[in-house]
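Work through the exercises below with the sequence and the structure at hand. Try each task before reading its solution.

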Amino acid sequence: MRDVSLRIDAGEVIALVGENGSGKTTLAKLLCRLYLPQQGAIRWDETDTAAVDPDGLRRSIAVIFQDFLHYALTARENIGFGAIDQVDDLAAVRAAAVRSGAEPVITALPNGYDTILSPEFADGRDLSIGQWQRVALARAFIRDAPLVILDEPTAALDPRAEHDLFTSIRALYTGRTVLLISHRYSTVRAADRIYVLSDGRIAEHGSHEQLMAAAGHYAELFTLQAAAYTEPTSGPVLS
Ligand SMILES: Nc1ncnc2c1ncn2[C@@H]1O[C@H](COP(=O)(O)OP(=O)(O)O)[C@@H](O)[C@H]1O
Ligand SMILES: [Mg+2]
């Protein structure tokens, strides 16, 4: 990453977009202090995060990466591990599951919250990718962190579920700051500000309206994606 300068104000919902390999996940890992920058600094308020206790910093951040862990443990533990001191608090786990939409999936399992989410165990069950994403979202909800980073958390959700989640994201995370990485432009347009990454650099940033008016990279990708849904098919008809 080079020439990256971005500012995230408390309480904002910031979206990060860009093509595969543009550096979105890397930037998220830098913010979590999983990587240290070779040059420059990342500051939380005025403090350089390289100089603070990494454990304390990480407790202040709830993050779901694209390749989040699927623990071969119970549904309760898969959510509760987001806030390890609450792993035995079923009411807290359930509340997080209700918010992420995982609750109906879990209650339908043979042993509910005590079902092991792995088919290798007796009465264990695997979940679909979309259902796992709801479990991962609950894992982020349960952690009472001021900064929430969601790295393509909804790529496997169906369009209605994704729309419902994004329209509720502000209500879900009231008072928290959210950095959202997504490929779906229809959902990132609601963010307060959008940063567009390209080849490890910030190509442009602004609100959806500003970026559309600028007619740059974002506008091109947005229009391309929108056209795929609205234009009549011109290619060969599959029959
Ligand atoms: N740990 C790493 N060390 C070196 N290069 C990496 C590492 N992780 C990712 N990359 C490379 O950095 C680039 C950006 O990756 P990534 O941040 O995962 O992109 P995105 O999330 O936007 O798809 C890619 O070219 C990727 O191969
Ligand atoms: Mg990524």
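**Exercise 1.** In which segment does D3 lie? Describe its backbone and its accessibility as well.

*Solution.* The model used here is a predicted one. Step 1: D3 is found in the segment before β1 (13-17). Step 2: its phi is near 50°, a positive value in a residue other than glycine. Most residues other than glycine have a negative phi. Step 3: the relative accessible area of D3 is 63%, and the cut-off for exposed is over 50%, so D3 is exposed.

**Exercise 2.** Repeat the steps for D199: where is its place in the chain, and is it buried or exposed?

*Solution.* Step 1: D199 sits in the loop between β7 (193-198) and β8 (201-206). Step 2: although D199 is not a glycine, its phi is positive, about 55°. Step 3: with a relative accessible area of 67%, D199 is exposed.

**Exercise 3.** Find which residues of helix α4 are buried, and state how they are arranged around the helix.

*Solution.* Step 1: α4 covers residues 90-100, and its buried residues are A92, V93, A96, A97 and S100. Step 2: viewed down the axis of α4, these buried residues fall within an arc of 135°, so they line one face of the helix. Step 3: the face turned away from that buried side carries the exposed residues A91 and V98. Step 4: the buried residues pack against α3 (75-80), α5 (103-107) and α6 (129-142). Step 5: just after α4 comes G101, with a positive phi of about 85°.

**Exercise 4.** Describe how α4 and α6 cross, and list the residues that meet.

*Solution.* Step 1: the two helix axes come within 8 Å and cross at roughly 125°. Step 2: this angle makes α4 oblique to α6. Step 3: the crossing of α4 past α6 is right-handed. Step 4: from α4, the residues in contact are A92, V93, A96, A97, R99 and S100; in α6 they meet R134, L137, A138, F141 and I142.

Note on methods. Residues numbered from 1 in each chain as written. Chains lettered and ligands numbered in written order. Predicted model: local features only at pLDDT ≥ 70, side-chain atom pairs only at ≥ 80, totals over all residues. Heavy atoms only, no water. Buried < 20%, exposed > 50% of the residue type's maximum accessible area, 1.4 Å probe, protein only. Helix = DSSP H or I, 4+ residues; strand = E, 2+ residues; numbered from the N terminus. Arc of directions from axis to C-beta. Contact = heavy atoms within 4.5 Å. Axes fitted to C-alpha atoms, helices over the stretch in contact; angles between N-to-C directions. Parallel < 35°, antiparallel > 145°, perpendicular 65-115°, else oblique. Left-handed = near helix turned anticlockwise from the far one by under 90°.
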